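Me: Hi! I'm new to this one and would like to walk through it with you. Could you look at it with me?

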Amino acid sequence: MSPSVCLQVFILLSATRHVWPEETCTPGAVHSCGDCIMSGPFCAWCKFQNFTKQGEPDSKRCNTEAKLKKDGCNEKSSIINPANLQKDIKIKPLGGSIGTADPVQVYPQEVKLDLRPGLPQTIKLKFKRAEGYPVDLYYLMDLSYSMKDDLDRLKTLGNDLVTALQTITGGVDKARIGFGTFVDKTVLPFTNTNKEKLKNPCQDETEACQPPFGYKHILKLTNDYKLFNKEVANQAISGNLDTPEGGMDAIMQAAMCENDIGWGNATRLLVLATDAGFHMAGDGKLAAILEPNDEACHLQRNIYSQSSLLDYPSVGQIARALDRKNIQPIFAVTSSVTDVYRELSKMIPKSEVGELSNDSGNVVQLIKEAYSKLSSKVIVTHDKLPEKVTVKYTSSCKDGSEPGEEGVCDNVALGKEVTFFVEVTAHDCLKDVSFFVGPKGFNEKMKVTISTRCECECDDPVEPNHPHCDRQGEVKCGTCKCNKGFTGQKCECSQGNIDDTSLRQMCRRDNNTECEGRGDCVCGQCQCHKSPGGQPYYSKYCECDDEHCHMNDNKLCSGNGDCKCGKCQCHDDYEGDACHCKKSNTLCRTGGTICNGRGTCECNACKCSRGYQKPFCLTCQACASPCQQSAKCIECLGFGDGPYEKNCSTACKHLTHTTVEKLDQFNLDAKRCEVKDSKNCWLDFTMKELQGFDNYEVEIQKERRCPEPPNIIAIVAGSVAGVALIGLLILLIIKALLYARDLKEWHKFENEKKKTKWANADNPLFKEATTTVTNPTFSGE
């Protein structure tokens with residue numbers, strides 16, 4: 001912002017236009033001028049010493065200026081009201097205006113406000129579209145394979161695009177252009193991660209395609225248009241798997257990497273050219289990317305380095321980033337996805353959608369038309385507001401005349417001046433807090449600095465031990481500031497050993513406001529004021545009055561009773577909150593009782609208790625079933641045992657019982673119950689509810705249904721047989737395992753035996769066990 005065109009407006013209370021609501025003052029607990037000033041935006045304080053009489057509260061000094069004058073506070077400078085300063089507005093321009101040599105579109109450019117808390121004041125902000133205002137255009141192109149024709153066409157449209165920008169800005173040096181490209185995250189399922197496909201993702205392997213990438217910044221914003229044409233000509237198409245692309249990732253980086261892109265003090269346009277939809281927040285989970293987008297710049301060597309680590313940004317994040325950086329997007333998309341981006345544009349203020357031809361041949365005309373629409377619609381808003389500050393906008397345009405969170409003017413032509421009224425309200429005490437107000441999409445803003453007036457400036461002469469304060473204090477703004485050890489309206493109360501905080505605490509009920517805001521705490525006791533109707537408040541904490549009871553026919557207590565401390569005390573023959581009913585119970589009687597003994601009759605209608613329902617308190621849908629609650633009593637009444645065996649008549653006196661052989665199955669007036677007793681037997685009985693609470697007539701079935709005792713012999717025999725069977729099975733299993741092991745060893749031995757080879761030779765050491773001797777004399781005959 002050039003000092004030659006800077007304007008600073010010093011305003012002691014407000015700006016150049018005031019919108020006053022009805023001036024009223026309804027103070028609460030007021031003990032000083034400061035309390036009064038903080039109690040409401042139209043509250044003034046009378047500092048005239050003799051304005052209040054003995055016993056009248058200091059809060060009488062706090063009212064609107066008109067009311068104080070009417071009540072006699074007429075001495076010169078006796079009323080303290082910071083709002084009076086508003087009548088003397090001072091404006092001091094420091095030079096510069098709309099329409100100077102350097103284009104200035106926002107006037108004024110700095111404002112200082114000295115406000116009264118709660119009192120809205122309005123600044124007049126003027127905006128005039130300047131001719132020849134510089135433009136920065138960053139062209140962000142989808143390089144997925146389906147955009148091949150568009151890339152080829154863009155390589156021939158560079159000069160036309162440059163000429164169009166020069167026409168918009170009116171000069172070569174006022175228009176800059178940059179270039180970036182995107183595809184998608186290089187992880188499955190968005191991109192084929194096969195090594196060969198990561199080198200060349202195109203289906204035709206003979207075609208030269210560059211490896212896939214998330215977002216790549218190619219050319220910083222420059223007015224060297226030949227360099228733009230050269231960089232576009234050097235680009236090659238790429239590819240990915242799915243139809244949606246990573247355009248949101250690219251927009252976020254192009255917006256947040258302000259220094260890398262080179263955004264300047266100009267109208268900032270971002271053109272997104274694509275023929276496909278976009279991935280958004282949450283889609284990254286398909287690739288196990290769980291870290292949300294952090295809305296930060298992550299360019300390393302002009303490439304988005306966190307593409308595979310951070311999720312896609314949400315639409316809200318994109319809208320916030322573009323608004324923060326004053327960037328106006330133009331979505332140049334094909335007809336197949338025009339509807340998608342029109343819906344997106346509705347959620348991003350100051351954005352436009354244009355239909356791109358199949359080869360992007362009309363992109364130049366599309367950008368010119370979109371820029372014309374964007375620049376002719378002026379939306380004024382603010383950045384982050386300080387706490388306790390609210391802002392509303394109206395404008396001199398018919399489409400922005402209603403107060404809202406933004407000021408709007410449409411169809412603003414070049415050179416046309418429009419006025420916005422910025423209503424600022426501070427709701428608390430503030431000191432030099434600032435925020436910026438200005439049109440979206442433009443870098444020029446008006447700086448608003450706020451301070452508030454929360455203290456009284458009485459300028460009383462210092463006079464200790466003033467007679468007005470019983471010589472125990474000094475006068476400040478008409479009231480006494482007591483010396484240590486004294487308190488009271490005129491320092492008439494000696495505190496002794498009790499501090500002022502403890503004395504005031506004695507005037508608070510349940511730690512609420514002193515004397516309920518209806519009186520003054522004097523020496524630890526409440527001195528009650530009068531109510532607006534002229535009647536005094538009363539009781540210990542002034543909590544009672546006789547003017548706020550229920551009304552009927554516009555009469556307190558219907559005229560049939562007296563209002564005492566907020567409640568009607570009805571005359572004889574009348575009842576009800578407002579004494580509006582004559583006493584009668586004819587419509588409340590059932591069977592000789594009032595409301596079945598379960599409620600009271602008020603205004604000839606039953607008011608039931610314990611959840612019983614009108615009209616006669618007969619049924620209770622929300623009440624718990626009485627069956628389980630009565631089980632112990634049924635056991636002792638019907639069978640003489642159980643927990644209540646020794647005090648059955650006392651504990652169960654609410655039940656009237658009879659014992660029957662068998663329950664009547666067709667008794668619809670009684671509730672059928674079956675519960676278990678202390679012996680684990682089932683009790684069968686019915687309960688019929690009588691008048692009043694917890695009174696029942698009970699029929700108990702004579703026989704209990706007890707489970708048969710277990711067969712001990714069968715259990716023991718079965719257990720023994722089971723153990724024996726299990727033992728036998730274990731032995732058989734062990735035997736089988738041993739047999740299998742032995743069999744395996746035998747087969748192994750047999751196989752090894754078959755493989756043995758023996759030599760056929762006699763052992764020389766071996767001798768036969770027998771010797772054969774031949775008889776020589778034997779002839780054999």
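Me: Let's start with the open sheet of 3 strands: what order are its strands in?
Reply: The order is β3-β2-β4, and the pairing is antiparallel. Strands here are DSSP runs of E with at least two residues, helices are runs of H or I with at least four, and both are numbered from the N terminus. Two strands pair if DSSP finds at least two bridges between them.

Me: Which strands are at the edges?
Reply: β3 (62-63) and β4 (79-80), each of which pairs on one side only. Strand β2 (residues 44-46) is joined to β3 by 2 bridges, and the two run antiparallel. In that pairing, A44 stands opposite N63 in β3.

Me: Before I go on, where do these values come from?
Reply: This is a predicted model, where local features need pLDDT of at least 70 and side-chain atom pairs count only at pLDDT 80 or more, while totals for chains, interfaces and linings use all residues. Residues are numbered from 1 along each chain as its sequence is written, and side-chain values use heavy atoms, leaving out hydrogens and water.

Me: Good to know. What about the open sheet that 4 strands form, what is its order?
Reply: That order is β38-β41-β40-β39, with mixed pairing. β38 (655-660) and β39 (671-676) each have a single partner strand, so one side of each has no neighbour in the sheet. From one strand to the next, the twist averages 30°.

Me: How many bridges join β38 to β41?
Reply: There are 6, and β38 runs parallel to strand β41 (residues 696-701). T656 stands opposite E697 in β41.

Me: Which helix packs on that sheet?
Reply: Helix α13 (residues 631-639) does, touching β38, β39, β40 (682-689) and β41. Contact means heavy atoms within 4.5 Å. The direction of α13 makes about 60° with that of β41.

Me: Switching to helices: how do α3 and α10 cross?
Reply: The axes of α3 (residues 148-169) and α10 (residues 363-376) come within 9 Å and cross at roughly 20°. That makes α3 roughly parallel to α10. Axes are lines fitted to C-alpha atoms, for helices over the stretch in contact, with angles from 0 to 180 degrees between N-to-C directions. Angles under 35 degrees count as roughly parallel, over 145 as roughly antiparallel, 65 to 115 as roughly perpendicular and the rest as oblique.

Me: And which residues make the contact?
Reply: On α3 they are L157, D160, L161, A164 and I168, and on α10 they are V363, V364, I367, K368 and Y371.

Me: Now charges. How many salt bridges does the count come to?
Reply: It comes to 24, taking a salt bridge as a side-chain nitrogen of Lys or Arg within 4 Å of a carboxyl oxygen of Asp or Glu. In one of them, the side chains of D114 and R453 meet at 3.4 Å, N to O. D114 is in strand β6 (residues 110-115) and R453 is in the loop between β21 (446-452) and β22 (473-476), so to speak distant parts of the chain, 339 residues apart.

Me: Last topic, the backbone. Which peptide bond is cis with omega near -5°?
Reply: The one from Y107 to P108, and P108 lies in the loop between β5 (106-107) and β6. The bond from K614 to P615 is also cis, with omega near 10°.

Me: Where is N326?
Reply: N326 lies in the loop between α8 (315-324) and β14 (327-333). Its phi is near 55°, a positive value in a residue other than glycine.
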